[in-house]
Amino acid sequence: ENIGVEARGRYTFDTGRKGRLEELGRGGAGRVIVARDHFLSRDVAMKELHREITQNVKYDTLHVRNLEARFLREARVTGQLEHPAIVPVYELGRRRDGTLYYTMRRVRGRTLAQALLDAPSREGRLTFVPDLLTACRAVAAAHHRDVVHRDLKPQNVMLGPHGETYVMDWGLARVMGRAERSTSGVQLAPDLTGGRDLGPVGTPSYM
C-alpha cells in the first residue's frame with residue numbers, strides 16, 4: 001500500500017478549549033480534526049475516516065475497502081496538486097487501530113461564502129475578485145493535471161488572514177480517464193448527490 005504506520009507519540013489531539021478535541025469539519029465518511037505534530041512542533045489538520053464505518057460490522061469488507069480506496073485516492077490526488085492555492089498534504093498513514101488518515105496544512109480564516117455574506121455592499125464584495133481569480137488559477141492547474149474538483153462552491157474556498165486563498169475539499173475530485181469504484185451503501189454528506197459510481201455529484205445549486 002505504501003502507507004506508513006502512525007509514529008508513536010507524534011500526534012496529540014488536545015488543541016481545543018480546555019484540552020478537548022478540536023473538530024474542523026465532518027462529512028458522511030470522515031472528519032477533519034486538529035492534531036499537534038510533536039515532531040515538527042506545529043498544529044496540522046488531520047483527515048480520517050469515521051471509525052463507526054471502518055470498524056462497524058454492519059458494513060461488509062467490500063464497502064470498507066471501496067471507502068478506503070476513495071480516501072487514498074483523495075489524499076494522493078490532493079498531494080500531487082502542487083499549487084500555492086491548494087492545501088499541501090504532509091503525510092499519509094494508518095493509525096494503530098487501522099484507520100487511515102492524512103495530514104495537511106491547517107488553514108485559518110473564513111470561507112469565501114462567509115466573506116461575501118459579511119461584505120456590506122457590492123463594492124465590498126468586489127474586493128474578493130482577486131481571491132476568485134486565484135481560485136480559478138488553482139482549478140486551472142488541477143485541470144492541467146486532468147483533475148476535476150466536482151464540488152466547487154464558495155464554502156470550499158478559504159481566505160486566510162494574510163491574503164492566502166485556498167481551494168479546499170478535493171474529496172469528490174476525479175482524475176479524467178479513470179473509472180470510479182462503486183460506493184453503494186456509503187453515506188455521503190447531506191448536501192451531496194451521488195449516483196451508483198458517483199455519477200453526477202456536487203452541491204446542486206453550484207453543479
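Predicted model: local features only at pLDDT ≥ 70, side-chain atom pairs only at ≥ 80, totals over all residues.
Let me begin with helix α2, which covers residues 61–80 and so has 20 residues. Several residues of α2 are buried, and if you look along the helix you will find among them V64, L67, F71, E74 and V77. The buried residues of α2 pack against a number of other elements, including strand β5, which covers 42–49, helix α1 at 51–54, and strand β6 at 89–94.

That brings me to K47, which is found in strand β5. Is K47 buried or exposed? Its relative accessible area is 15%, and since buried means under 20%, K47 counts as buried. The side chain of K47 makes a polar contact, at 2.7 Å, with the side chain of E74, and E74 is itself one of the buried residues of α2. Leaving aside neighbours within four places in sequence, K47 is also in contact with F71, and with residues such as R31, V32, Y101 and D169.

Finally, let us turn to the surface, where L126, V129 and L133 form a nonpolar patch with about 250 Å² of accessible area together. Of these, V129 lies in helix α5, residues 129–144, and with a relative accessible area of 36% V129 is described as partly exposed.

Definitions and conventions. Residues numbered from 1 in each chain as written. Heavy atoms only, no water. Helix = DSSP H or I, 4+ residues; strand = E, 2+ residues; numbered from the N terminus. Expected span 1.5 Å × (residues − 1). Buried < 20%, exposed > 50% of the residue type's maximum accessible area, 1.4 Å probe, protein only. Contact = heavy atoms within 4.5 Å. Polar contact = N/O pair within 3.5 Å; in protein donor to acceptor, adjacent residues only side chain to side chain. Patch = residues over 30% accessible without salt bridge, like charges linked within 9 Å, V, L, I, M, F, W, Y side chains within 5 Å. Areas by Shrake-Rupley, 256 points an atom, 1.4 Å probe, with all protein chains shown as cover. Salt bridge = Lys/Arg side-chain N within 4 Å of Asp/Glu carboxyl O.
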